Amino acid sequence: AWYQRRVRGELVKRTAQYYKQYEAAEREEVRLDREAKANGNYYVPAEAKLAFVIRLRGVNNIPPKPRKIMKLMRLRQINNGVFVKLNKSSREMLRIAEPFITFGYPNLKTVRELIYKRGFGKIN
């Protein structure tokens with residue numbers, strides 16, 4: 001019991017630390033945007049590192065390559081969704097399977113809500 005309390009306390013501290021980091025990063029983004037605007041420049045935010053992908057089409061009349069990509073992303077049924085880490089290869093896969101899927105870049109609140117409501121973990 002004492003071990004669980006200690007671990008729980010560490011988790012709470014770590015969560016608070018992550019919240020601080022996320023808030024600081026968000027404030028920094030806003031600051032950079034305002035600074036660029038004040039100087040008459042444009043601020044281009046960093047590209048997203050995570051995407052949420054949803055399958056739109058069923059199984060009929062899908063070419064083999066997009067079908068294989070959707071299988072690799074664990075999108076086996078219509079309306080299934082997964083989080084995908086974005087890198088060069090995953091972006092290319094999304095581009096190939098684009099007519100059969102949709103994707104977007106979630107914020108922290110959306111990620112938390114989706115995982116709490118329906119999520120289960122499979123971390124690569």
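Is R91 buried, partly exposed or exposed? R91 counts as partly exposed, because its relative accessibility is 31%; partly exposed lies between buried (under 20% relative accessible area) and exposed (over 50%), with a 1.4 Å probe and protein chains only. This is a predicted model, in which local features need pLDDT of at least 70 and side-chain atom pairs count only at pLDDT 80 or more, while totals for chains, interfaces and linings use all residues. Residues are numbered from 1 along each chain as its sequence is written, and side-chain values use heavy atoms, with hydrogens and water left out.

**Overall form**

- The protein has four helices and three strands; helices (H or I, at least four residues) and strands (E, at least two) are DSSP runs, numbered from the N terminus.
- Along the sequence these elements follow the pattern α-β-α-β-α-β-α.
- The radius of gyration is 19 Å, whereas a compact globule of 124 residues would have one near 14 Å; the value is taken over C-alpha atoms, and the globule rule is 2.2 Å times the number of residues to the power 0.38.
- Along the principal axes, the C-alpha atoms fill a box of roughly 60 × 50 × 20 Å.
- Of the 124 residues, 16% are buried.

**Salt bridges**

- Side chains of opposite charge can pair when their charged atoms come close.
- The structure holds six salt bridges, each defined as a side-chain nitrogen of Lys or Arg within 4 Å of a carboxyl oxygen of Asp or Glu.
- R91 is bridged to E47, with 3.1 Å between the closest N and O atoms.
- This pair links distant parts of the chain, 44 residues apart: R91 is in helix α3 (residues 88–96) and E47 is in the loop between α1 and β1 (50–55).
- E47 is exposed, because its relative accessible area is 61%.
- R31 and E28 meet in a salt bridge of 2.6 Å, N to O, and are separated by about one helical turn because they are three residues apart in helix α1.
- R31 has a relative accessible area of 39% and is partly exposed; E28, at 35%, is also partly exposed.
- A network of salt bridges links E28, R31 and E35.
- E10 and R6 form a salt bridge with the closest N and O atoms 3.7 Å apart, and both lie in helix α1, four residues apart.

**Charged surface patches**

- R67, K68, K71 and R76 gather in a patch of positive charge on the surface; patches are made of residues with over 30% relative accessible area and no salt bridge, with like charges joined within 9 Å and nonpolar side chains (Val, Leu, Ile, Met, Phe, Trp, Tyr) within 5 Å.
- K68, one of these residues, is in helix α2 (residues 64–72).
- E23, E26, E29 and D33 form a negative surface patch.
- E26 is in helix α1 (residues 2–38) and counts as exposed because its relative accessibility is 59%.

**Loop and strand residues**

- R74 is in the loop between α2 and β2 and has a positive phi of about 65 degrees although it is not a glycine.
- N79 is placed in the loop between α2 and β2; N79 is not a glycine, yet its phi is positive, at about 70 degrees.
- R74 counts as partly exposed at 34% relative accessibility, and N79 counts as exposed at 59%.
- F83 lies in strand β2 (residues 81–85) and is partly exposed, with 30% relative accessibility.
- F83 and P106 are 23 residues apart in sequence, and their C-alpha atoms are 9.2 Å apart in space.

Note on methods: Accessible areas come from the Shrake-Rupley method with a 1.4 Å probe; for residues, only the protein chains shown count as cover. Lys and Arg count as positive and Asp and Glu as negative; His and the chain ends are not counted. The place of a charge is taken as NZ of Lys, CZ of Arg, CG of Asp or CD of Glu.
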